[in-house]
Amino acid sequence: MNLNTLILCIPLLPLLGALALRLLGAKLGKAAVGATAIATVAIGFILSLAAFRGLSGLDPAARHLTASFFTWAPGLGGGIGLDLLLDPLSAVMILVVTGVGSLIHLYSTAYMNEESAEEYARYFSYLNFFIFSMLILVLSANFLVLFAGWELVGLSSYLLIGFFRTKASAADAGKKAFIVNRVGDLGFLMGLLAILSLFGTLDYAKVLPQAPSVLAGREGLATLIALALFLGAMGKSAQVPLHVWLPDAMEGPTPVSALIHAATMVTAGVFMVARCHALFELSGTAMAVVAWVGAFTAIFAASIGLVQNDIKRVMAYSTLSQLGYMMLGVGVGAYTAGFFHLFTHAFFKALLFLGCGSVMHALHGELDLTRMGGLRAKLPVTFWTFLVGALCLVGFPLTSGFFSKDEILWEALASPHGSAALWAIGALTSLLTAVYVSRLVFKVFFGAPRDKHLFDHAHESGWAMALPLVVLAVLALAAGGLGLPHAMSSHQPFAEWLAPVFSDLHAAEPQGLSQSLPWLLMGLYTLGILLGAGFCWWLFIAAPGLSDRLYSYRPVAALHRVLWNKYWVDEAYQAVLVDGPLAAFRWVWRWFDQGMVDGLVNLAGFSAQAGGATLRLLQTGYLRFYLAMMALGAALWLALVFRLL
Amino acid sequence: MSLAFVLLLSLLIFCTGVAGVLIRRDPIVLFICIEMMFNAANLAFVGIARATGLVEAQAIAFLVIAVAAAEVAVGLAIIIAIFRSQHDADVDHVSSLKG
């Protein structure tokens with residue numbers, strides 16, 4: 001089949017899978033359900049590989065193929081097509097989504113095995129539906145399909161976070177995710193409408209090349225549009241202040257956290273900014289906002305992750321922090337670097353989350369790291385793969401995370417849009433990352449077990465869970481080879497592949513700065529990692545009583561309280577956005593609805609009653625009174641007739 | 001013997017009748033006063049008949065007499081019925097239809 005039809009099949013298969021599993025899944029039995037779900041995504045991966053190969057066979061300038069499902073409202077000015085676009089960027093994304101997706105589907109077959117058949121089928125149908133939605137999002141050829149995919153992944157996220165629907169906290173978390181995303185989507189929709197009214201079309205192929213000419217000299221308008229779109233990205237990619245939904249999203253099953261809230265959905269915001277970089281470049285203000293919001297999110301989240309005891313929460317804050325890095329990257333114009341970090345992060349973060357799931361599975365759902373310890377003896381595969389993921393996350397030399405993160409930090413320093421301050425925030429975050437990751441690894445896998453009972457019953461997971469861990473670990477290590485810095489290699493496959501899409505606002509090759517600065521910085525980062533890890537080792541393993549003694553100092557305890565309470569952001573939102581308006585609404589309810597509206601109705605009834613009671617006074621029952629009234633009436637009438645009154 | 005005097009007398013008798021109806025409590029006396037009012041009206045009609053020579057006025061006088069007679073018959077029947085159940089001849093005591 002030709003390439004254009006191939007593109008259409010890739011998202012269709014998971015959609016059909018989702019429908020089939022939801023409608024028939026309960027009757028098919030778990031094995032069939034699992035196999036079907038994995039198959040739709042795995043075949044999607046194979047098709048994506050074929051699409052990639054097909055695309056690479058074309059001339060770089062011609063590497064954008066479109067395929068259309070159908071044209072919506074063709075009578076309205078040509079209509080808007082439900083079009084898909086395969087270009088270098090979307091080709092990489094579909095490989096990541098289907099590749100990591102199929103590994104996670106495989107993992108889920110073992111992880112979710114304790115659920116009933118109906119719940120199992122429901123889970124896989126939702127998971128397939130998510131894959132479909134994400135593929136639509138990344139394969140979009142115009143902003144409308146992007147928005148449709150955007151909303152659909154939000155829906156899938158809601159369904160999957162709240163999967164354990166009998167748990168109130170899970171249901172609340174699902175709602176929170178959807179509602180916070182909706183706030184961002186408002187901005188996104190505004191941006192979309194502005195683009196539609198300015199350009200008359202929503203196609204990337206028409207809007208993005210024309211953007212510089214249409215918005216020439218109207219930098220204020222360009223800023224508004226870019227910031228409106230960025231608001232959507234902030235919601236989806238959980239940048240501060242719209243980050244609050246992601247830690248709560250850990251209520252969902254761990255494979256969901258791995259797929260959606262680490263590898264794919266949350267990266268949609270970064271993807272969108274990268275895709276629309278032509279629009280963002282027209283406004284220096286917008287670029288600065290993106291970069292600073294990203295940097296702030298990175299350090300903010302890393303600081304909170306330092307003190308969390310729930311292993312998934314630590315990973316959630318880590319994801320927030322890394323998403324901040326990605327935004328920082330695209331905000332300073334280093335689109336390739338930011339996207340490369342997205343790529344490597346997908347592997348190692350999914351790996352880390354699946355590792356957490358493996359630990360949870362072994363300890364029968366235990367999440368609290370204060371009850372773990374010494375697990376490296378009991379869970380060897382999990383430990384070694386987790387270690388690989390952790391090394392990538394901190395950016396240990398020669399891991400993929402090292403190359404991607406350092407590229408972002410270098411660009412933050414040297415790019416025309418970057419600054420030393422941004423670099424400093426990024427570097428400090430890197431140090432914090434080393435600390436919280438080491439804390440996690442040491443407390444879970446090293447030291448003496450803190451809960452004997454849990455420790456004794458821990459057992460390594462089966463092959464269905466171990467294989468994805470190993471594959472992801474290999475990918476996490478190997479992916480670095482695609483993006484070695486200029487200083488190390490003249491060949492950057494990743495950057496070359498994406499060159500038609502990203503015209504990076506590159507840092508000039510180090511000439512103004514000394515040639516050896518990149519090497520110095522790499523050394524600095526490594527030193528930071530070793531310091532951070534060493535500090536954690538000393539604090540948690542070597543000198544166990546030290547942390548308690550440190551905590552007895554007032555400033556340390558106060559700082560700990562601030563971080564433990566996540567800077568009270570959730571409480572602030574609750575007070576300002578929920579309790580405040582609720583109190584106002586309650587006032588309106590009491591004074592307006594109950595007071596005025598009900599009052600008016602009651603007044604009608606009351607006045608009818610009062611009028612009746614008044615008139616009833618005439619009904620005395622006394623004959624003589626009636627006679628007197630008749631006489632009076634007659635006298636009045638006579639007076640009127642004879643015009644005396 | 002002008003008409004004015006007759007009408008004035010009629011008015012006086014009528015007012016006396018009204019006053020009696022409003023003041024007296026005995027139902028029989030009430031009826032006497034109502035009769036007085038009828039007669040006053042009759043007097044007025046007859047006076048006018050005599051003054052203008054209209055035959056209609058005389059006819060109306062006869063009508064009034066007939067009506068008065070019928071009314072008395074019905075009224076006395078009601079009084080007797082009330083007296084039988086209450087054994088009390090006081091108009092103020094038939095006030096159970098109060099609101």
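Analyst: Two residues are in contact if their C-beta atoms, placed from the backbone, lie within 7 Å. The model discussed here is predicted.

User: Where is A:Tyr622 placed, and which residues of chain B does A:Tyr622 touch?

Analyst: A:Tyr622 sits in the loop between helix H25 (569-616) and H26 of chain A. A:Tyr622 touches B:Asp92 and B:Ser95.

User: Why is A:Tyr622 called partly exposed?

Analyst: A:Tyr622 has 16 C-beta neighbours inside 10 Å. Buried needs 20 or more, and exposed needs 12 or fewer. The count of 16 lies in between, so A:Tyr622 is partly exposed.

User: What makes H4(A) roughly antiparallel to H5(A)?

Analyst: Helix H4 (residues 117-139) and helix H5 (residues 143-161) of chain A pack at an angle of about 160°, with axes 8 Å apart. Angles over 145 degrees count as roughly antiparallel. Therefore H4(A) is roughly antiparallel to H5(A). The crossing of H4(A) past H5(A) is left-handed.

User: Which residues make the contact of H4(A) with H5(A), and how do they divide by class?

Analyst: Among them are A:Tyr126, A:Phe129 and A:Phe130 of H4(A), and A:Trp150, A:Leu152 and A:Val153 of H5(A). The residues of this contact divide into 15 nonpolar, 3 polar and no charged.

Notes:
Residues numbered from 1 in each chain as written. Chains lettered and ligands numbered in written order. Predicted model: local features only at pLDDT ≥ 70, side-chain atom pairs only at ≥ 80, totals over all residues. Helix = DSSP H or I, 4+ residues; strand = E, 2+ residues; numbered from the N terminus. Axes fitted to C-alpha atoms, helices over the stretch in contact; angles between N-to-C directions. Parallel < 35°, antiparallel > 145°, perpendicular 65-115°, else oblique. Left-handed = near helix turned anticlockwise from the far one by under 90°. Nonpolar A, V, L, I, M, F, W, Y, C, P; charged D, E, K, R; others polar. Lists of a residue's contacts leave out its neighbours within four places in sequence.
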